[in-house]
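Welcome! Let us take a walk through this structure together, one stop at a time.

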Amino acid sequence: MKLSHYCREFLKCVVLPVGLAASALLAGCGGGGEESASSAEQTGLSGKKIGFAQTGAESVWRTAHTDSIKSEAEKRGVDLKFSSGEGKQENQIRAVRSFIAQGVDLIMIAPIVETGWDPVLKEAKRARIPVVLLDRRVDTTDTSLFETFLGSDFVEEGRLAGQWMVDNVKGDAVKIVEMQGTPGSAPAIDRQKGFVEVVNANSRFQIIESQSANFRRADGKDLMESLLKKHKDIDVLYAHNDDMAFGAIQAIEAAGLKPGEDIVIISVDAIKEAFSMIIAGKINCTVECSPLLGPLAFDVAEKILAGEEVERKIVMKDEVFDATNAAANIDSRMY
Amino acid sequence: MSTVSKRNWRENPLIWPTAGLALVVAFNLFFGAEFFSISIQDGHLYGNLVDILSQGARVMLLSLGMTLVIATGGVDLSVGAVMAIAGALVAALVERAGLGFFVAFPAAMAVSMLLGVFNGSLVVFARIQPIIATLILMVAGRGVAQLITTSDVIIFEDPVLEFMGQGYLLGIPFSLWLVAAIFVGMVLLIRKTAIGLLIEAVGDNENASRFSGINASQLKLIVYGVCGLLAGLAGVLEAASLSAADPIKSGELRELDAIFAVVIGGTALTGGRFLLLGSILGAILLQALTVTLYNVGVPAAVAPVPKAIVIVAVCLLQAPRFRTQISKIVGLRRGK
């Protein structure tokens, strides 16, 4: 009885204060660490901890995207915490939570899906960690949850593709076949939207078929084989990515037609293979969707951490490549 | 006597995938007869029906292997990933290592078979549930394929591969000859020897078959190995038909198509009796549906729905219980 009483007193009088003091000391150390980090601010981002939650490694485009971020981080001396979501949002959310727990200075997310981000973004906000979104937006009513969105404008890509067609394809009653990406995905929805906008404004053009080949080469080939049998008079093929266009080209050749001549082919992404196809005359035009946003992303991160205002939406400038400029650009393509 | 023959007719499991196919054909007859037009172009057959068979060749190969695995009471989820690995391997060996087809192809086949045997040994020796054991390779296999291609798509040029995937023999796609040869070979091996009986025995009751002297472990290893081999062949066919090997998208979700084809074809997932011809019919039905939907122009977002309805209908009709319920209802009405 007495012994336990002493024990309790001992705990109260000795251990507790010592413990508190120790934790205060540790907190002090932590504070010191932060100070030293902020003193490094003059030299840009070097020594900063930045967490990056990537979607995964699902395509060549995505790998180029990851490489761009990683190499730029190394160049600037950023302590990059990289996490691949392996195609699952819950992995990304877990990664963001761990970034918050590690006390990073800034978090970059390339969201896999648009919804379901509010809770974890609120946690980041409470921890006063700014968030930058890459490639895709998130669906939230509270726009204070992230600092800025940085990426390509898929609708604009659709418009650029449509505009190239209006400028370069002659004739009346031009029949277009549209090959969509995965139904419901942001690039598929937006690339269709922008393209349809342009087509609807021009009575010369008409979309006769619009179906999905899931961004896959094999599906692009299968779908084109069917469409060629259904329609004998396709003038233009518009594919939401290069891969599907490559598959379709094989189907067109197997049907005894000349891709690029009998059927004008327009696609989006502009990966290196598409450039060689343009030079070979099999693709007429490809709209760039650049994955190399590392430099811009870290410019923006630097501004945010320096307390400067940044635009809410920063759009990468996308270029259009066709027979006039493909040969000049193919060697500089990295992906 | 007539009732007996009627029951036999209904109990023949091949009738339901055939009925499904008939439904698709009838729909197309009604909707657009150009679906059936077959012409000759550049000395080979050209038309939607040819496409269905040649595009369906990959799933047919997968479903043949899957049928055997399912007959032993297992399942192989890794076939899609094995497709990717085999395609990547052939492409890497031909294009990057500069080896000829006759080195690259056997190598890819050997690796695919070993991957199948690896699945089998997880099931047999480690006693892991087949669905989990093959899930391992399904997930890891994509990574392996990406390692082989260094996460790129490999584009290759090889005359033999091109012929395999895109060529024609006597006006018929070569891939179909290949599938037909394998199918006939398997049927002969399975029905003219005791192997088919042994596989069914293992699937029906593994313990009983072991007590009766069947080497169930060895049999399972062989079956998983064959499934891996056929998956690899399907992967090489896919790569060959595109002249490109994509480690990420090749064979994506194909394992589900293969399982569908087997189940539609009348082989029960619980194992036991199996029907190779049924699985082929199932694979053709799946591809016919896909092509029909393309042809009709069903919007992409809703295209899976009609596909699912046909599949559910065929599966329900296969269930004896559902059929008795239906015939009771029909009988009641008639009785009135």
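A polar contact is a pair of N or O atoms within 3.5 Å; within protein, one of them must be able to donate a hydrogen and the other to accept it. With that in hand, look at K232(A), whose side chain has a polar atom 3.3 Å from the backbone oxygen of K229(A). K232(A) sits in the loop that runs between α7 (217-230) and β8 (236-239) of chain A. Its relative accessibility is 69%, so K232(A) counts as exposed. Please keep in mind that you are looking at a predicted model.

Now step back to chain A as a whole. Its secondary structure comes to eleven helices and twelve strands. Of its 335 residues, 52% count as buried. Among the contacts in chain A with a separation of 6 or more, 74% are between residues 24 or more positions apart.

Some of the strands come together in a sheet. Strands of a sheet pair through backbone hydrogen bonds, either parallel or antiparallel. In chain A, six strands form an open sheet with mixed pairing, in the order β7-β6-β8-β9-β10-β12. At its edges are β7 (205-212) and β12 (320-322) of chain A, each of which pairs on one side only. On average, neighbouring strands of this sheet are turned by 20° against each other, ignoring direction. For a detail, follow β9 (residues 264-269) and β10 (residues 285-288) of chain A, which pair in the parallel sense over four bridges. Here S267(A) has T286(A) in β10(A) as its bridge partner.

Next come the charged side chains. Side chains of opposite charge can pair when their charged atoms come close. Over all chains, the whole structure has 26 salt bridges. One of them joins E123(A) and R97(A), at 2.8 Å from N to O. E123(A) belongs to helix α4 (residues 118-126) and R97(A) to helix α3 (residues 89-101) of chain A, so this pair ties together parts that are 26 residues apart in sequence. E123(A) is partly exposed at 25% relative accessibility, and R97(A) is partly exposed at 39%. Chain A also holds a network of salt bridges that links E72(A), K75(A), R76(A), D299(A) and E302(A).

Let us cross to chain B. There, the side chains of R58(B) and E238(B) meet in a salt bridge of 3.3 Å, N to O. The pair links distant parts of the chain, with R58(B) in helix α3 and E238(B) in helix α11 of chain B, 180 residues apart. Both R58(B) and E238(B) are buried. I280(B) counts as buried because its relative accessibility is 10%, and its contacts include M60(B), L64(B) and F183(B).

Where do the two chains meet? The contact takes 36 residues from chain B and 31 residues from chain A. About 2700 Å² is buried between the chains, with carbon and sulfur atoms giving 47% of this area. L242(B), K249(B) and Y294(B) supply 26% of the area that chain B buries against chain A, more than any other three residues. Four salt bridges cross the interface. R58(B) returns here, forming a salt bridge with D222(A) in which the closest N and O atoms are 3.7 Å apart. On the side of chain B that touches chain A, the largest share, six residues, comes from α13(B).

Definitions and conventions:
Residues are numbered from 1 along each chain as its sequence is written. Chains are lettered from A and ligands numbered from 1 in the order in which they are written. This is a predicted model: local features need pLDDT of at least 70, side-chain atom pairs count only at pLDDT 80 or more; totals for chains, interfaces and linings use all residues. Side-chain values use heavy atoms; hydrogens and water are left out. Two strands pair if DSSP finds at least two bridges between them. Helices (H or I, at least four residues) and strands (E, at least two) are DSSP runs, numbered from the N terminus. Axes are lines fitted to C-alpha atoms, for helices over the stretch in contact, and angles run from 0 to 180 degrees between N-to-C directions. Buried means under 20% relative accessible area, exposed over 50%, partly exposed in between (1.4 Å probe, protein chains only). Contact means heavy atoms within 4.5 Å. Buried area is the accessible area (1.4 Å probe) that two parts lose on being put together, summed over both. Lists of a residue's contacts leave out its neighbours within four places in sequence.
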